[in-house]
Amino acid sequence: MPLRLIFVLSLLTGVFASASGAIAADGKLQEVTFKNGAKLIVEEDHSAPVAMVQVWLKVGGRDEVPGKTGLAHVFEHMMFKGSKKLAAGEFSKRIAAMGGRDNAFTTTDYTAFFETVPAARVGEVIGMEAERFSHLALRDKDYQKEIRVIMEERRMRTEDDPNSHMFEELSAVSLRLHPYRNPVIGWMQDLKKLSIEDVRAFYKLHYVPGNATVVVVGDVDFKQVKKRVAATFGKMKARPIAPRFNPTEPEPFGPKRIEVKLPAQLPMLAVTIPVPVWKPGHNDIEAASLALATHILSGGRSGRMNRQLVDEQRLAFSVGAGYDEASMGLDLWYAYGMLGPKQTTAAFEKGLWTLLDQMAKTPVSAKELAAAKRNITAAEVFAQDSLYLRAKRIGHLEVVGIGANNRDKWLQAIGRVTPADIQQAVARWLRRDRSTTGILTPEAKS
Amino acid sequence: MRISMRIRFAIPCMAFVLFMCAAITPAQAVPPIQQQRLPNGMRVLLMEAHNVPMVSMKLSLAGGSRFDAAGKGGTASLLADMISDHTARHAHPVWDDLLDADAIKLGAGAGRDDFSLGLTVLKDALKPGLDAFSEALLQPGWDQKRFAILKHDAISAARKSREEPGVRAAQAAAALLFAHHPYGHRPGGTVKSLQRIKLDDLKALYAAQVKPSGAVLAVSGDITMAELLPLLKSRLKGWRGKPATGLMDISRPAGVAGKQADVALPTTQMLVQLLRLGPSRSDADFFPAFVLNHILGSGGFASRLMQEVREDRGLVYGVYSYFQPLAAPGPFVITLQTRADQAKEAESVVRHVLSDMAAGHISNKQLKAATENLTGSFAQRMDSNRERVGLISMIGLYNLPLDYLSSWTARVQAVTLAQVKAQAAKYLKPEAWNRVRVGPKSALN
């Protein structure tokens with residue numbers, strides 16, 4: 001039972017629910033940056049007459065000020081509420097009429113808008129994206145309806161989901177400064193206080209061409225797309241780019257823990273630890289080692305957590321761990337276990353730390369490492385199967401500052417990692433003294 | 001890092017909508033589906049795609065949850081867990097190491113009609129992948145200890161899932177809509193039904209239904225039929241026989257109207273589902289009903305329900321409709337979640353849309369928009385191996401014509417306004433719908 005932790009909020013649920021990143025079959029990226037700072041990255045793939053258009057913004061939850069959490073995500077919703085040329089809802093209707101699908105997502109680090117369309121309509125879509133980007137209507141009456149929709153979204157995703165609710169609390173306690181401590185959807189009390197003026201101010205400050213990257217993957221010609229983007233995003237007036245909030249998280253002084261009591265059926269325990277993200281050319285081996293360690297713990301069928309904690313020691317019925325090397329500033333590494341009726345959080349916690357301590361003391365076997373590398377590489381090939389994931393990987397690497405042109409270096413780094421590297425990375429970062437533990441305790445039901 | 005966990009029940013729901021949409025239309029030439037029949041009766045359907053060095057496949061046969069013995073809901077689902085867990089030749093941990101060494105993605109599952117075994121591999125691991133696939137299929141291990149562990153974990157997961165409004169609604173909906181019909185429970189089963197299952201139940205289901213006659217292997221990827229067939233023949237030659245019950249051997253559910261079921265759960269929202277029976281996969285009016293549903297609530301933001309309930313009133317984050325076309329009529333569902341004190345208002349908006357459409361208030365413009373969206377989006381619904389395999393296996397299992405895809409555009413475009421209105425009159429009268437609500441006790445009045 002995969003229980004993936006995610007921080008992406010979409011306009012509609014579940015449209016795309018698949019896995020990790022991608023590298024293209026031919027791997028060739030073509031890019032251009034316009035004078036006003038807007039950027040275009042294209043990957044041509046002529047195997048089917050479709051294309052994915054994504055507009056990525058270097059704006060996310062981290063760019064909100066305290067008391068106004070949720071604003072970046074509110075804004076994402078407002079992008080569908082009309083512009084100078086398009087009435088509210090018109091954008092999606094036009095995309096639908098051309099046989100396309102559209103959606104958007106917001107995280108702490110970025111906001112992205114995307115459309116899958118027949119390749120022949122790419123130019124038109126880019127024009128529509130540019131139009132709403134620069135001429136958004138932002139009417140109060142639309143806002144008043146949309147903020148209610150977003151509160152329902154929060155109730156559905158967080159309030160009424162005990163696991164999700166616990167993770168929100170755990171994240172808030174795990175970090176003192178870094179913006180990953182705030183929920184992307186925003187705290188309910190903040191949502192209640194936001195106004196259309198907040199949204200307008202956010203738009204003015206952040207929706208500037210220098211923050212925009214257009215990514216197109218599919219059956220297109222770079223030269224033609226470039227011409228089109230030059231005439232739209234490339235023509236917008238250059239405006240100053242606000243610096244991003246990316247503070248240095250203070251080093252933890254010792255373990256922290258919280259207990260969250262909610263109406264639930266069964267307990268769960270999760271551990272978070274701040275770890276470094278990938279900085280190409282600076283810490284390739286360290287980041288790749290963390291990714292491989294995480295895979296050896298919870299990836300594939302033979303992950304150690306599953307084998308030892310679930311199958312052998314019977315300490316949980318479902319487990320998982322996660323690391324995202326392409327986070328911004330730091331990543332909040334996590335591991336969790338869902339516990340059955342007779343399984344205790346204390347025993348699971350002990351078992352988990354025994355596993356981690358063991359990895360810090362003993363090198364992983366060559367066979368285990370080879371399988372992990374093979375699976376991470378295979379996952380990148382499987383992900384090429386989806387235009388969405390390919391474009392997403394490009395946009396993501398670009399807006400967090402890693403750079404899409406570095407993407408092939410990730411697998412190269414994975415390939416170079418040795419058992420000693422993994423041991424060292426685990427010993428250095430995945431330590432109890434740096435961790436926060438969260439326990440979901442089922443509350444007596446009303 | 002990720003702060004919220006995705007609501008698990010929402011995914012199957014939407015995935016299902018996509019599956020329905022996936023059954024769409026070629027605006028451009030579709031690669032043909034190639035067909036071969038093995039001597040044992042199994043059909044192989046292949047769509048070639050050479051752009052990524054990988055191969056995906058799925059074997060589907062009549063062995064889903066409708067074959068679970070009475071009171072033992074979850075049997076087919078546990079068989080799926082078991083069959084992919086180990087084999088007679090390879091014990092559990094060794095089997096996992098073997099598959100991971102070659103990045104072989106092997107998994108089994110159970111729907112209401114179908115039992116399936118899926119494989120995704122890199123092209124260069126095709127042979128070991130097919131070895132594993134056929135070994136799992138033909139040489140089950142039936143290890144009693146592993147069964148006890150898998151069963152125990154399934155029971156814990158079923159208990160945990162009682163936290164989820166969507167799961168609770170689906171359970172109540174199956175019982176309300178199908179009563180004692182074989183479709184009357186969720187494939188995953190419940191804590192109680194799982195507790196009753198014994199290893200012999202899995203063996204009995206396997207012996208009765210996991211047979212090549214009527215089975216379909218759908219394949220998409222970097223391979224040709226000439227390469228594939230010999231690899232399959234040599235590995236599946238010992239597999240013979242006919243299932244005890246065929247896919248189409250199923251009674252028509254009786255159908256109910258105006259019934260209600262409420263489930264109390266301490267949530268802030270109320271989940272409201274309206275349900276009735278929808279068309280079966282072989283329904284003569286499948287296409288008009290399909291287009292009708294797109295207009296009603298599966299066309300995303302362009303749908304009537306989304307417009308009225310979300311866009312005009314801000315009552316929900318999402319409201320969707322879908323029907324599940326099975327061997328017999330399956331569920332037709334409208335689902336939404338809203339703050340508990342708004343549930344009555346939201347439900348009345350939905351009922352108003354139903355009655356309005358049932359009375360024939362559907363415009364040519366709406367039909368045109370739906371048809372354009374459906375036909376235009378065909379290519380992108382088929383742009384991955386995973387999507388193609390899902391589509392081809394559905395065509396194969398339900399014995400739809402092999403030109404199903406290439407004739408889709410024409411059939412969707414041929415749907416007239418009069419036909420859609422006739423389907424609306426048939427399906428959308430509000431009094432014919434049943435209701436399930438999941439939410440706080442205080443609001444369930």
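These legends go with a few views of a predicted model.

**View 1. How chain A packs.** What radius of gyration does chain A have? It comes out at 22 Å, and that agrees with the value near 22 Å for a compact globule, because chain A has 446 residues. Now look for what's tucked away: 66% of the 446 residues in chain A count as buried. Take the contacts in chain A with a separation of 6 or more: 83% of them come from residues 24 or more positions apart.

**View 2. The surface and charges of chain A.** Chain A has an accessible surface of about 15900 Å², and carbon and sulfur atoms own 53% of that. As for charges, chain A carries 61 positive and 50 negative ones.

View 3. Switch over to chain B, which is divided into domain 1, residues 2-236, and domain 2, residues 260-443. How far apart do the C-alpha centres of these domains of chain B lie? The answer is 26 Å. The domains also touch: 53 residues of domain 1 of chain B are in contact with 58 residues of domain 2 of chain B.

Technical notes
Residues numbered from 1 in each chain as written. Chains lettered and ligands numbered in written order. Predicted model: local features only at pLDDT ≥ 70, side-chain atom pairs only at ≥ 80, totals over all residues. Heavy atoms only, no water. Rg over C-alpha atoms; globule rule 2.2 N^0.38 Å. Buried < 20%, exposed > 50% of the residue type's maximum accessible area, 1.4 Å probe, protein only. Contact = heavy atoms within 4.5 Å. Areas by Shrake-Rupley, 256 points an atom, 1.4 Å probe, with all protein chains shown as cover. Lys, Arg positive; Asp, Glu negative; His and termini not counted. Charge placed at Lys NZ, Arg CZ, Asp CG, Glu CD. Domains from an automatic or database assignment.
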